[in-house]
Every structure is written in structure tokens, then in C-alpha cells.
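Here are my comments on the model, as numbered points. Please read them with the coordinates open.

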Amino acid sequence: MATITAFILFSTLLQSLLAAVPPPCVFPFIYKGKSYNSCTEVASQNRPWCATTANYEKSPQWKYCATKEYSGNSGGKQCVFPFTYKKRTYYTCTNEDAEIGRFWCATTGSYDKNEQWSYCADTRLAANSQGPCVFPFIYKGQFYSACTKAGSSEGKLWCSLSRNYDAYPKWTYCTPSDHVPCKFPFRFNNKIYLYCTKDGAYDGQLWCATTANYDSNGKWRACATEEYEGNSKGKRCFFPFIYNGKTFNSCTNQNSDNGRFWCSVTRNYDTDRQWSYCADTRL
């Protein structure tokens with residue numbers, strides 16, 4: 001009898017705790033006839049909010065949006081993107097296997113390895129942008145086995161969140177939380193790598209460590225296989241090119257933010273000042 005009573009008390013406490021936790025945002029939601037894909041400050045005094053039902057007009061339930069990561073076994077540390085979960089690559093928060101559908105993220109490069117996580121800030125979330133990248137994916141009838149800038153007006157890298165983007169256009173930008181370059185050589189599973197590799201990547205993603213020893217800290221990024229961003233919006237490198245009066249036959253990280261490698265997309269950067277970030281597979 002004592003055991004049954006304790007179980008009932010525990011169940012009641014658990015239900016009350018869950019009831020006290022606000023449900024997740026629902027995106028998109030409708031408010032005053034308009035559809036919202038993310039948190040909004042409309043009708044609010046500089047404080048973002050979201051509906052917790054699909055139609056606020058019919059069911060006026062809402063909450064203020066969390067602007068920082070919170071709780072989880074990491075104590076609310078910031079998300080790390082990309083991260084791996086169940087051997088898949090995530091650049092966004094996910095609600096897979098989550099309590100009451102709340103979105104979460106790993107706080108290291110691999111949840112599979114470290115099992116550290118936080119609930120995501122609601123302001124990170126948007127409609128049609130949650131889930132793992134799917135490789136390979138189809139876009140305009142062509143297969144892609146890595147993030148691509150194809151179709152991006154800004155030259156930004158993106159991936160499909162469905163196997164066939166043409167049939168189910170769900171996607172996200174491949175934006176790492178830490179903009180640092182690959183570190184070559186790096187150590188993985190006690191082996192030295194001089195280039196990007198697919199070793200250990202169950203989804204076939206090319207990757208590199210961003211520190212000299214992945215085994216000790218698990219920091220990594222997906223390798224870009226083509227030039228991207230920059231003020232040229234991802235035009236291809238031109239070699240050799242002139243920068244500050246010197247000739248370069250390969251990418252450089254001189255005067256670059258966070259040490260990322262870049263290249264000129266014309267023969268003379270000093271004259272034209274057009275550039276892109278380099279494909280990691282060039283380094």
C-alpha cells in the first residue's frame with residue numbers, strides 16, 4: 001500500500017510539473033488573419049511572443065518566447081551547430097524524442113557522443129526549418145550530397161530537410177554556430193587527417209575538425225565543397241590572384257574574420273575587391 005501511495009504521489013507531482021511548463025510555440029500560427037512563421041513583437045511591447053495553438057483567433061493561447069537556451073542537462077548552455085543525433089546532421093533545433101514537443105539542441109558537436117543538451121530559445125525556431133539535413137537530396141532534379149548554394153540568391157549554403165526538395169520543399173541554412181575554419185591536420189580515432197573526410201559520418205557528410213584533436217573536444221564542421229558567400233555571393237576562386245600587391249596561388253586567411261579562408265574571384269583583388277569564402281575541399 002505504501003508503494004502504491006508513493007507512486008500516486010510521484011505521478012501527481014510529475015503531472016503538476018508538466019502542467020507548469022508552457023507548451024511549445026506552434027509555427028506557423030494565425031493572429032488577426034496573418035500567418036506568423038516565427039516569434040513576433042506585434043501587439044507586444046518589445047517582447048517576442050508566439051501562439052501555442054495553430055490559430056490564435058479560435059484558441060487564444062500564447063506565451064512569451066524564450067530568447068536564450070534553458071534547462072536540459074547542460075544547464076542551458078548555447079546550442080552548437082551542426083550537431084549529430086542518431087547519426088544524422090542537424091543545423092536546427094529538433095523536437096524528436098522530446099517531452100511535449102519542445103525543441104532542443106545538443107550543446108556539443110555530437111549528442112551521440114556526449115549526450116549534452118538544452119531546450120532551444122524560441123526565437124531560434126521558425127516554420128518548416130526543423131530537422132536533420134538529408135543527404136543525398138534532390139533539388140531541381142539533381143542530387144546533392146553536401147550543403148549547396150544552388151538557388152541561393154545570397155550564395156549561402158543550405159540543405160534539404162527532405163529527401164526530395166522538389167516534392168517537399170523543407171530546408172535550412174547550413175550555418176555553424178562557430179564560424180571557424182577547418183584545422184588541418186587533425187586527429188580522429190587516433191588517425192591523422194590532412195583533408196576533409198567521410199570517416200565516421202553515417203549520413204555521408206564530408207567533415208573536418210576545427211581543432212587539432214577531435215577525439216579530445218569533438219569540435220567539427222561540415223565541409224563546403226564549393227565557394228560561398230562573400231561580396232561575390234559565392235563565385236568561384238580565380239588563381240592566381242593579387243592581394244596587397246602579392247600573388248596568391250591558393251586561398252588565404254590573411255585579414256580574415258575568425259581565420260576563415262577566402263579567395264579573390266577576379267585576377268586582381270586590389271582593383272576589383274570581389275571575393276568568396278573558399279570551399280574547404282580546396283584547403
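**Notes on the chain**

1. P136 sits in the loop that runs between β8 (117–119) and β9 (137–139). The peptide bond joining F135 and P136 is cis, with omega about -10°.

2. On provenance: this is a predicted model, in which local features need pLDDT of at least 70 and side-chain atom pairs count only at pLDDT 80 or more, while totals for chains, interfaces and linings use all residues. Residues are numbered from 1 along each chain as its sequence is written, and side-chain values use heavy atoms, with hydrogens and water left out.

3. A cis peptide bond also joins F184 and P185, where omega is about -5°. P185 belongs to the loop between β12 (171–173) and β13 (186–188). In general, most peptide bonds are trans, and most residues other than glycine have a negative phi.

4. N189 is not a glycine, yet its phi is positive, at about 50°. The residue lies in the loop between β13 and β14 (191–193). With a relative accessible area of 56%, N189 is exposed (buried means under 20% relative accessible area, exposed over 50%, partly exposed in between, with a 1.4 Å probe and protein chains only).

5. R273 likewise has a positive phi, about 55°, without being a glycine. Its loop is the one between α4 (269–272) and β20 (275–277). R273 counts as partly exposed, because its relative accessibility is 48%.

6. Is E227 buried or exposed? E227 counts as buried, at 3% relative accessibility, and its place is in the loop between β16 (220–222) and β17 (241–243). The E227 side chain makes a polar contact of 2.7 Å with the side chain of R282. A polar contact is a pair of N or O atoms within 3.5 Å; within protein, one must be able to donate a hydrogen and the other to accept it, and residues adjacent in sequence count only if both atoms are side-chain atoms.

7. Leaving aside neighbours within four places in sequence, E227 is in contact (heavy atoms within 4.5 Å) with residues including K149, C237, C263, Y277, C278 and R282.

8. S256 is in the loop between β18 (246–248) and β19 (262–264). S256 is buried, with a relative accessible area of 17%. Its C-alpha atom is separated by 33 Å from that of A66, 190 residues away along the chain.

9. An unreviewed UniProt entry lists "domain: Fibronectin type-II" at residues 20–67, 74–122, 128–176, 177–225 and 232–280. These positions are in the numbering used here, the feature names are shortened, and annotations may be inferred rather than shown by experiment. In the model, residues 177–225 are 8% helix and 24% strand, with end C-alpha atoms 19 Å apart. Residues 232–280 are 8% helix and 24% strand, and their end C-alpha atoms lie 17 Å apart.

10. The C-alpha trace spans about 80 × 50 × 40 Å along its principal axes, and 42% of the 283 residues count as buried. Among contacts between residues at least 6 apart in sequence, 53% join residues at least 24 apart.

Terms used
Helix = DSSP H or I, 4+ residues; strand = E, 2+ residues; numbered from the N terminus.
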